[in-house]
Amino acid sequence: MGMEEDILKDFLAESKENLELLDQQFVELEQEPDNMELIKSIFRTVHTIKGTAGFFGFTTLEGIAHFAEDILSKLRDGVVTINEDIATMLLQSVDYIKAILASLEQTGKEPDDIEYLDFIVELRNFAEKIAKGETPKATAPAEKKEEGPKEEEVAEEAPKEEGKERSEQEKKEEGEQGAEETKAQETTPKAEEPKKEQPKPTKPAASKPKKTGPPPTTAQLTETHVRVDVHLLDKLMNLAGELVLSRNRLSQIANQLNDPDLLTASQRLSLAVTEIQEQIMKTRMQPVGNVFNKFPRIVRDLSKSAQKQVQLKIEGAETELDRSIIESIKDPLTHMVRNSIDHGIEPPDVRVQKGKPAAGTLVMRAYHEGGQVIIEIQDDGAGIDPEKIKQKAVEKGVITPEQAEQLGNRDALMLIFQPGFSTAEKVTNISGRGVGMDVVKTNIEKLGGTVELQSEVGRGTTVRIKIPLTLAIIPALVVQCGGQRYCIPQVNLVELVHLSKEEMEEDVQVIGHSEFYRLRGEILPLVRLNKVLRLGSDDGGEEAKSAGINIVVLNSGDRQFGLVVDAIHDSEEIVVKPLGKHLKHIHAFAGTTLMGDGRVALILDVVGLTSALKLRGEESLKQAQLLEEKAKMDEERQFLLLFTVAPQEFFAIPLALVNRLDKINATDIEYVGGREVIQYRGHSIPVIRLENYLSISPLPEQDEYHLIIFHMNHQDVAFLVSQIEDSLDIAIDVDETTFKQDGILGSAIIKDKTTLFIDVYQIIQMFDPEFFEKGAEGGSLEHSAKILLAEDSAFYRNLLSSYLISAGYDVVTAEDGQKAWEIIKSEPFDILITDIEMPNMDGFELAQKVKSDPALKDIPIIAVTSLSGEEDRKRGKEAGIDEYQVKLNREMVLEAIQGLLEAKNMEHAA
């Protein structure tokens, strides 16, 4: 229904333009009656209106347009010549059509006034007389005097003469229109009824035509659409970009001068510029259906050529993209559709043998997700066999047999994007020449997008493309290296990491000529930007070494790497400018932009950096195996956010709990219902001062404060703090006894400072005891489930039990696997949550013992751990672990608990 409404809007907009043009063309036609091109143009316009009216079922509009078309067809064929009466009747038709369109625009349906049906009768009679070569008189629009019997006279004459005096030649001339005319005549039964009741006229009815009044003028057509040249939109977009640059410069000056009036004016200007930018960008947005709509024909032709049966389904055609990206994705999509039909979907006889329908299904789907557009091409064909991919890759020398053995299925599938790689048994006219998929991947990545491939043998393949909404104005992170500033598109940004000198020496390993860093168990290749760009020494001197390093974690297609830079600045909206001729050959750069101070900064091309450095998957894989073994022997690490409330009092919370960080003015804080709140991104969120719940120094008065925003139970809540100090990945020993109090999990020495660990959940519960009610989690259990939590780290044990209890569960804790095994044998539990790395008995052994015991085997097991690699998951599955979750992801842990308990209850009910 939505698409039909869009078509109706387009029809109304186009019809308005055409009708305005018709008024002018009819007047010109009176002056140039022999202008056949003008007549043909008018005929085509009316014919279009008639056809679309028939599509929507607007019978009154279709009837008027049909008989007006009849008159125009006689003018076009030279049967009659335009005169004042014919022009008047046609202009009246235009007026009535305008009135009907105005009603459609306002109410969505045609007017039911009898006057419209009366006019159809008059127009039909007029058209029939013209068809017979007569020159009837048209009714003057201003006259509306004679009613009653004379209406019936005209209505009677038409059916009386119809079919008797029409020559065979005239019938042949009307040819194709006969069926349509019959339909239109059926819409006017009321006008023909009087012939049964009224006597026949004594005079020819043509001498006294019915004088219909002018069309209703109560409704007026309004202009809601304007056609704009594409080049004008591009110019507006460029001007919006210049406006953004000027805004950035003005904001920088305002912050430097720190003048309150200037800051206020700058903020208002910034809001206006943002709104202008968004609205102008909307004018460039086009539905992806503009690309999708050409594929039904492509799929039809390709399936016939390949002698296959393929049904195409299109979903999300209304999803909008910038028109420049729309143009860029046409060829990649076409190539992937061709591949799906040629390589993916099997011939009908093969599908039937496999128990599938003879006709394969190809789905093209588009939707928005996380500020990007996702386009999926999914088929239910044979899928891609990873072993066959590996075999071909070894044959072609892409990888060695040893590397093939170590390669996972996901990495094996990505080999098809290697240049010249193909698994086709034979070359066809459709595809299979070993070219294309590497180009597809390169072109998508040039747009700042990524390509993912998922396939299951015998079930089908899905290619998923992620691309940004627009490329004209983008958010970017500004970094500094070698005294120069560079911009990194945020679409490629994963996270930021700072390592101290000690952490760098401990955690950064140099193997061969490459550096690697273990980030939460994952191997991260490190790339030094000053080395790539040849900006001089890459060590930055002794002073830089002592300060540590800044790592920007970037996502490039199917891999991540860390870019080491000298400094990290703020995030800004930048306007992408093309590179000059002398820089275009450098793959490391994607464009240029002007910064707030008027200086030029180069935009880094993350994909180009990756290809230039030749980051090889097999090399990373080898390092991963070495470092993963070492990681298992190390202490468990925690990614922490450090902040202060009062000077010299340091606090820490797990960074995984934080949703956003932001800075606000003190004047933005409001008091509502006895609580402090702040308006943030369109809604109010409560603000918590930690000194109200902890025995700590109060927050000093400042012009600006920092917000630590959490999103829990579908709600936002924020801590108000003085300063965000740092974020770091560190292994620490938490002391739980020295600073024991509500809201504090413990303390530790971090960066030579005594740091208190905040119990976020307990603080929020102290602020609002009903915040963590079970109902907010999307459903409650019939009883309070009893959970056994096995965790050797006191810090994590307290943290996990805190948010499980706050969610309404009854929690019993154990400090290792052996203790958990003794507890679970002595009392009943609904679910077991266990760490993996524990002394005495690890999580794998505990899970195996539970699943091997007939009395305990039905207890669901969740592993909460930082060891979430593929091998660990496989081993956990073999041990009987049902779910793997990251420890600090509260929402996912609670969701997993809810799901497993519901499944368990359903099994018992069955």
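Which residue in S25 is the bridge partner of Ile-664? In this predicted model, local features required pLDDT of at least 70 and side-chain atom pairs pLDDT 80 or more, whereas totals for chains, interfaces and linings use all residues. Residues are numbered from 1 along each chain as its sequence is written, and side-chain values use heavy atoms, without hydrogens and water.

The bridge partner of Ile-664 in S25 is Tyr-705. Strand S21 runs antiparallel to strand S25 (residues 704-712), and six bridges join them; strands are DSSP runs of E with at least two residues, and helices runs of H or I with at least four, numbered from the N terminus. Both strands belong to an open, mixed sheet of six strands in the order S21-S25-S26-S24-S23-S22, where pairing requires at least two DSSP bridges between two strands. Strand S21 (660-665) and strand S22 (669-672) form the edges, each pairing on one side only.

The axes of helix H3 (residues 59-77) and helix H5 (residues 114-131) come within 9 Å and cross at roughly 20°; axes are lines fitted to C-alpha atoms, for helices over the stretch in contact, and angles between N-to-C directions run from 0 to 180 degrees. H3 and H5 are therefore roughly parallel to each other, a term applied to angles under 35 degrees. The contact (heavy atoms within 4.5 Å) involves residues including Ile-64, Phe-67 and Ile-71 of H3 and Phe-119, Leu-123 and Ala-127 of H5. The residues of this contact comprise 12 nonpolar, one polar and three charged, with Ala, Val, Leu, Ile, Met, Phe, Trp, Tyr, Cys and Pro counted as nonpolar, Asp, Glu, Lys and Arg as charged, and the others, Gly among them, as polar.

Conventions: Parallel < 35°, antiparallel > 145°, perpendicular 65-115°, else oblique.
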